[in-house]
Amino acid sequence: QLTPSSFLRIGQLSNVDLNEDIHELETEIPRQRPNEIPHNEKLLSLKYESLDYDNSENQLFLEEERRINHAAFRTVEIKRWVICAMIGILTGLVACFIDIVVENLAGLKYRVVKDNIDKFTAKGGLSFSLLLWATLNASVVMVGSVIVAFIEPVAAGSGIPQIKCYLNGVKIPHVVRLKTLVIKVCGVILSVVGGLAVGKEGPMIHSGSVIAAGISQGRSTSLKRDFKIFEYFRRDTEKRDFVSAGAAAGVSAAFGAPVGGVLFSLEEGASFWNQFLTWRIFFASMISTFTLNSVLSVYHGNAWDLSSPGLINFGRFDSEKMGYTIQEIPIFIFMGVVGGILGALFNALNYWLTMFRIRYIHRPCLQVVEAMLVAAVTATVGFVMIYCSRDCQPIQGSSVAYPLQLFCADGEYNSMATAFFNTPEKSVVSLFHDPPGSYNPMTLGMFTLMYFFLACWTYGLTVSAGVFIPSLLIGAAWGRLFGISLSYLTKGSIWADPGKYALMGAAAQLGGIVRMTLSLTVIMMEATGNVTYGFPIMLVLMTAKIVGDYFVEGLYDMHIQLQSVPFLHWEAPVTSHSLTAREVMSTPVTCLRRIERVGTVVDILSDTSSNHNGFPVVESNPDTTQVAGLRGLILRSQLIVLLKHKVFVERANLNLVQRRLKLKDFRDAYPRFPPIQSIHVSQDERDCMIDLSEFMNPSPYTVPQEASLPRVFKLFRALGLRHLVVVDNRNEVVGMVTRKDLARYRLGKEGLEELSLAQT
């Protein structure tokens, strides 16, 4: 029998107990960890809670809403805009911080290694340089991996799958905490400086979301500070809207693409969308790009120039030199097919690797060792390939930051070294813009091959890092190779410019791996500052997505599935019309009476076997035995607040008035409601009565038990529900539909399949 804690460290979305007090008592007992953890992707984990995107319209809520007049609503609206502006500014500043620190540290590292190699090339003994490079990389990555593995495992990876789950309505522990943000930022800096095949763009999305979740609450639970502002927004609905704005601001800071950010939030993230939100999110994205731009321009010394809109700048593509003709369209489509196949291969390899990691590399120390190994191997591969490459290019007129001479003649540099001896962002730009003839086809082919496997091995390590830039780099390398071979075949015809094909290859590869269409097209257009390529990029991405989806699903969806998260897609599975609510729902339901004994409530909440979060409230008539009609729904969190504030009266004098609670008491306890074990109820208090009528939601959504699964799914998904009560024709509760009941059904290879539920 495996204890739940042995599963704490599994995978990237690791499960951390919220009741830390109990957890501390447990840790004193030493326990051995299993060497292999059985993992099956046909499972749904029960450790993930749902978020409540549906407001509980109880009497307190309605009274407060009636008290608010028109002017107060306008203030709330102004506050929303202020929060969005703050999200944009802070996300931009975090991006600047990451960029400046990475630039300086990586520059320092490359200078040290370059001087060392230059010294040893002259007098022999290059193995010392290799040792130096590998040790530098491994030690930097070790620090970055230790902080993630031991302090906050949820900060590993790019964070896009986690944010996707959060916006879908799944509560992933610790995903939007301040601690996660700090670890994420430091981890990204260290893993990029450590020379891993990663980018710093993906994690910006997660960072933006954490910033948004923090600011919109007007307090920090980690720092135990409450600033008493924005209290109206302390509920899941509002928080979710701001988090999608934060994700958009992150994209726009990373790529300098505000419209792309909004579309990303719409396509990948937000499951629920309203019109006012779009405009606010666009505002946040614009502010974030502008902040980044101003700060970086000042930092680079041309304060009025505003020349760096995003962390990655693909440089300008000129329309005059680089138009495209009609006969190139089939070539672009072919590149899309190649990108789709390569992307599917990447995802399949990464899938097996992740399964292996979940089974065997689940201890933090092993994860750190693996990350160091990958860092050392990356440096070694780079060194060996630079060493074996005989591809020399003249230095004058080229814009290489750290030209390595190695065995080339004076005034020349090693062209393989520009690809490996640079941060991935710089390498992408040089592949896009270096004049034809800067790269030997052999160099590009070898580089693509090696980097493909390195990037695949690196994604899913316990470091915080994104997959955007490595995939762009792989694609740009084989795209440029493709362009060179084309111009070779067409005897150097003018239209076969390698840079243009590098761009298409980059789009195809990225589209084949992450399968985004709309937002990626716009991001690529904004990052290159060129609308001419909109159509070919769209074609390439569509082809890559169609081809890739034929084999395996996208990288992010795959990781969500590997974590067994109950993720709800846009539509119910196609063939599920035969199922009805009666077959899907969970039974039996734990109901509460409208006036209930405190002891009963405490026992129900303490029962670990059921662990429900929503309880239908039924009419209390103690004389009859039948189940009474449904009167409302009350949540576990509300009951806990009621017990904590001791809102109950003795049985003898039921006509006494209970203590009045305000909505503020519920908001102050959000989001970390205390566990029931921490609330002490004495023996006398257990016999008191508690009246739930003004705290329960008197109008919960219900469905009849004959409703078909797609209908139930649509209602549940569109309203962002957490509980959907199933009633019979006498309005008596017969069951309850929650997220897990709907996410269980999935279209497999053989048709509709039902996943089993597991505690881990």
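**Exercise 1.** What covers the buried residues of α23?

*Solution.* This is a predicted model. Start with the helix itself: α23 spans residues 636-644. Next, list its buried residues: R636, S637, Q638, L639, I640, V641, L642 and L643. That is 8 of the 9 residues, so α23 is largely enclosed by the rest of the structure. Now look at the cover. It includes the strands β8, β10, β11 and β12 (689-691). The helices α22 (598-606) and α24 (663-669) also belong to it. Finally, step past the end of the helix. Just after α23, K646 takes a positive phi of about 50 degrees.

**Exercise 2.** Work out the order of the strands in the open sheet, and find its edge strands.

*Solution.* Strands of a sheet pair through backbone hydrogen bonds, either parallel or antiparallel. Here 3 strands line up as β8-β10-β11, with mixed pairing. The edges are β8 (592-593) and β11 (630-635), since each pairs on one side only. Take one pair in detail. β8 runs parallel to β10 (residues 614-618), and 2 bridges join them. Last, place the helix: α23 lies across β8, β10 and β11, at about 75 degrees to β11.

**Exercise 3.** Is C96 buried or exposed? Then classify C186 and count the disulfides.

*Solution.* Recall the cut-offs: buried is under 20% relative accessible area, and exposed is over 50%. C96 has 3%, so it is buried. C186 has 33%, so it falls in between and is partly exposed. Now count the disulfides: the structure holds 0.

Key
Residues numbered from 1 in each chain as written. Predicted model: local features only at pLDDT ≥ 70, side-chain atom pairs only at ≥ 80, totals over all residues. Heavy atoms only, no water. Pairing = 2+ DSSP bridges. Helix = DSSP H or I, 4+ residues; strand = E, 2+ residues; numbered from the N terminus. Contact = heavy atoms within 4.5 Å. Axes fitted to C-alpha atoms, helices over the stretch in contact; angles between N-to-C directions. Disulfide = S-S within 2.5 Å. Buried < 20%, exposed > 50% of the residue type's maximum accessible area, 1.4 Å probe, protein only.
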